[in-house]
Amino acid sequence: MQPTATVLVYSDDSNTREQVRLATGRRPAADVPQVEFIECATPAAVIKELDRGGIDVCVLDGEAVPAGGMGICRQIKDEIFNCPPVLLLIGRPQDAWLATWSRADAAVTLPVEPVEFASALAGLLRSRRALSA
């Protein structure tokens, strides 16, 4: 197992990015690596970091402004070769169909509920590890 996993967190709201960090802790589950965060507040920064490579999972805020995480998710799934799995933060449970449209691999509602979020993130890290093995 790799010593750390890199998680990109996109939100224009620093409080949302903090919720993600606090919900994850050092690692979201005992059987996945410790997490290192790369925080992005703009869509351009997300694309730049993904082009650089080394991202294991993306956490995108569907409520971000000016570009929501759903649109960015759909874009990166089309444009980034071997796009990492995406965990989408949605405003309400009824928006789950939009997460499916955006091709997100998982979705959780805002505000971040730590147990639900950590479980979803750990699942994506496990699937990413299984694909790279």
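This is a predicted model: local features need pLDDT of at least 70, side-chain atom pairs count only at pLDDT 80 or more; totals for chains, interfaces and linings use all residues.
A search of the whole structure finds seven salt bridges. Three pairs are described below, including Glu39 with Arg21, together with a network that links Arg17, Arg21 and Glu39. Side chains of opposite charge can pair when their charged atoms come close.

- Glu39 and Arg21 form a salt bridge in which the closest N and O atoms are 2.6 Å apart.
- This pair links distant parts of the chain, since Glu39 belongs to strand β2 (residues 34-40) and Arg21 to helix α1 (residues 14-24), 18 residues apart.
- Glu39 is partly exposed, its relative accessible area being 38%, and Arg21 is also partly exposed, with a relative accessibility of 31%.
- Salt bridges join Arg17, Arg21 and Glu39 in a network.
- Arg17 is found in helix α1.
- Arg17 has a relative accessibility of 13% and therefore counts as buried, the cut-off being under 20%.
- With residues up to four places away in sequence not counted, Arg17 touches Val9, Ser11, Asp12, Glu39, Cys40 and Ala41.

**Asp31 and Arg126**

- A salt bridge connects the side chains of Asp31 and Arg126, with an N to O distance of 2.7 Å.
- Asp31 sits in the loop between α1 and β2 and Arg126 in helix α5 (residues 114-132), so the pair ties together parts that are 95 residues apart in sequence.
- Asp31 is partly exposed at 34% relative accessibility.
- Arg126 is partly exposed at 32% relative accessibility.

**Arg103 and Asp78**

- The side chains of Arg103 and Asp78 meet in a salt bridge, at 2.5 Å from N to O.
- Here too the pair links distant parts of the chain: Arg103 lies in the loop between α4 (96-101) and β5 (106-109), Asp78 lies in helix α3 (residues 69-79), and the two are 25 residues apart.
- Arg103 is partly exposed, having a relative accessible area of 33%.
- Asp78 has a relative accessibility of 52% and so counts as exposed, a class that begins over 50%.

Definitions and conventions. Residues are numbered from 1 along each chain as its sequence is written. Side-chain values use heavy atoms; hydrogens and water are left out. A salt bridge is a side-chain nitrogen of Lys or Arg within 4 Å of a carboxyl oxygen of Asp or Glu. Helices (H or I, at least four residues) and strands (E, at least two) are DSSP runs, numbered from the N terminus. Buried means under 20% relative accessible area, exposed over 50%, partly exposed in between (1.4 Å probe, protein chains only). Contact means heavy atoms within 4.5 Å.
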